Amino acid sequence: MPHPETALRDRFDVLVVGAGAAGLYAALCLPESLQIGLVTKDELPLSASDWAQGGIAAAVAPEDSPTLHVEDTLKAGAGLCDVGAVEFLASEAPDCIRSLIDLGVAFDRHGKDLALTLEAAHSRRRVLHAADTTGREIVSILSQQVCRRKNIQVLSRAFVLDLWLDPHTNRCRGASLLY
């Protein structure tokens, strides 16, 4: 029987730390040819993302655009935003929403159209909801999809203690887990 320390070594091509909405989605976006370890301190689908009741903003309406979304976000951010991050997130958001829908997330609808709301500092209707439990809907669906993927192994009740960084490149080469 292999020693527990070596049991996980070299088993994964990618280790995703955290099984909230971002970690689950990241694992699902990776190619199925990779062996993925998904580290979570709880059991799926428990995560802080499960508690998120608010919606998700994305420029998915025909009269909207990522450029307008960026402008609204930077204005509301009063100089505190990382401009590059805002531009990246606003430009990627429409495709991510389409991906979430394709994975099975049931955002609210008006007939066949997405029900977009106007909230906070947004100048256009661009906030999507899944009832009052948007986070729970997303995490539940993403967890189901993760469990269907043969190349993703969930490491429940695991904690990352340290990252092993290459001293020359500063790239992560591994992790020390309490599992």
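This is a predicted model: local features need pLDDT of at least 70, side-chain atom pairs count only at pLDDT 80 or more; totals for chains, interfaces and linings use all residues.

Colleague: OK, how many helices and strands does the protein have?
Modeller: The protein has 5 helices and 9 strands, counted as DSSP runs (helices are H or I, at least four residues; strands are E, at least two) and numbered from the N terminus. From the N terminus on, they go α-β-α-β-β-α-α-β-β-β-α-β-β-β.

Colleague: What does UniProt place at residues 13-177?
Modeller: An unreviewed UniProt entry has "domain: FAD-dependent oxidoreductase 2 FAD-binding" there, at residues 13-177. Such annotations may be inferred rather than shown by experiment. Over residues 13-177 the chain is 35% helix and 20% strand.

Colleague: Switching to salt bridges, what does E32 pair with?
Modeller: E32 pairs with R149, with the closest N and O atoms 3.9 Å apart; a salt bridge here is a side-chain nitrogen of Lys or Arg within 4 Å of a carboxyl oxygen of Asp or Glu.

Colleague: And where do those two sit in the chain?
Modeller: E32 is in the loop between helix 2 and strand 2 (36-39), R149 is in the loop between helix 5 and strand 7 (152-155), and they are 117 residues apart. A search of the whole structure finds 5 salt bridges.

Colleague: Now the second largest pocket: which residues lie nearest its centre?
Modeller: I56, A57, L89, C96 and I97, out of 24 lining residues. A pocket is an open set of points on a 1 Å grid over the protein atoms alone, where a 1.4 Å probe fits, with protein on both sides within 12 Å along at least five of seven lines; lining residues have an atom within 4 Å of a point.

Colleague: Which element gives the largest share of that lining?
Modeller: Helix 4, with 9 residues.

Definitions and conventions: Residues are numbered from 1 along each chain as its sequence is written. Side-chain values use heavy atoms; hydrogens and water are left out.
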